[in-house]
Amino acid sequence: MLIAYAYCRVSTEQQRDGYSLGVQLDQCRQRAAADGYTIPDDGAFAEVFTGTAVRRTVLDAMLAQMLVDRPSRIYIPKLDRLARQLWVQETLLRDIRARGATVVPCDMPALAEDSPTSIFV
């Protein structure tokens, strides 16, 4: 199996009870498995932090680790888990692409950056 990473985020401690980090990670692992990838425990990055910030402790750690492990895909539950604001999202997508990976939103896998649908859009 191919190795991938997952990035999951909630904005507040209160959100842990609803759309929890565990639920998000399960979604990422299921989508990755359906695509022939596996997300190892040390490739699962989760944090409680606002989605409006470009720099985040766990996200920055993932970006740094990408330079070592070179995963080809980063699974996220939804695009808004990566970032709430479009400019932040675009900045992070560019950072991830620069490290050689494709972002795959689990709720819209057809919009993975390397999919025909994404290229068309």
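Because the model is predicted, local features need pLDDT of at least 70 and side-chain atom pairs count only at pLDDT 80 or more, whereas totals for chains, interfaces and linings use all residues. Residues are numbered from 1 along each chain as its sequence is written, and side-chain values use heavy atoms, with hydrogens and water left out.

The protein chain holds five helices and six strands, where helices (H or I, at least four residues) and strands (E, at least two) are DSSP runs numbered from the N terminus. Read from the N terminus, the elements follow the order β-β-α-β-β-α-β-α-α-β-α. Of the 121 residues in the protein chain, 42% are buried; here buried means under 20% relative accessible area, exposed over 50%, and partly exposed in between, with a 1.4 Å probe and protein chains only. Among contacts (heavy atoms within 4.5 Å) with a separation of 6 or more, 71% link residues 24 or more positions apart.

Next comes the sheet. Four strands form an open sheet in the order β4-β2-β5-β6, with parallel pairing; two strands pair if DSSP finds at least two bridges between them. The edge strands, β4 (44–48) and β6 (102–105), each pair on one side only. From one strand to the next, the twist averages 20°. Such angles run from 0 to 180 degrees between N-to-C directions, and the axes are lines fitted to C-alpha atoms, for helices over the stretch in contact.

Strand β5 (residues 73–76) is joined to β6 by four bridges and to β2 by two. Tyr75 takes part on both sides: Tyr75 is the bridge partner of Ala6 and stands opposite Val104 in β6.

Helix α1 (residues 21–34) lies across β2 (5–10), β4 and β5, and runs at about 155° to β2. Helix α2 (residues 57–69) packs on the sheet as well, touching β2, β4 and β5, with its direction at about 165° to that of β4. The loop between α2 and β5 contains Arg70, which has a positive phi of about 55° although Arg70 is not a glycine. Arg70 counts as exposed, at 51% relative accessibility.

The cysteines complete the picture. A disulfide is a pair of cysteine sulfur atoms within 2.5 Å, and by this rule the count is zero. Cys8 is in no disulfide, since the nearest cysteine sulfur, in Cys28, lies 4.1 Å away. For Cys28 the closest cysteine sulfur is that of Cys106, at 3.8 Å, which is too far for a bond. Cys8 is buried, with a relative accessible area of 1%, and Cys28 is likewise buried, at 0%.
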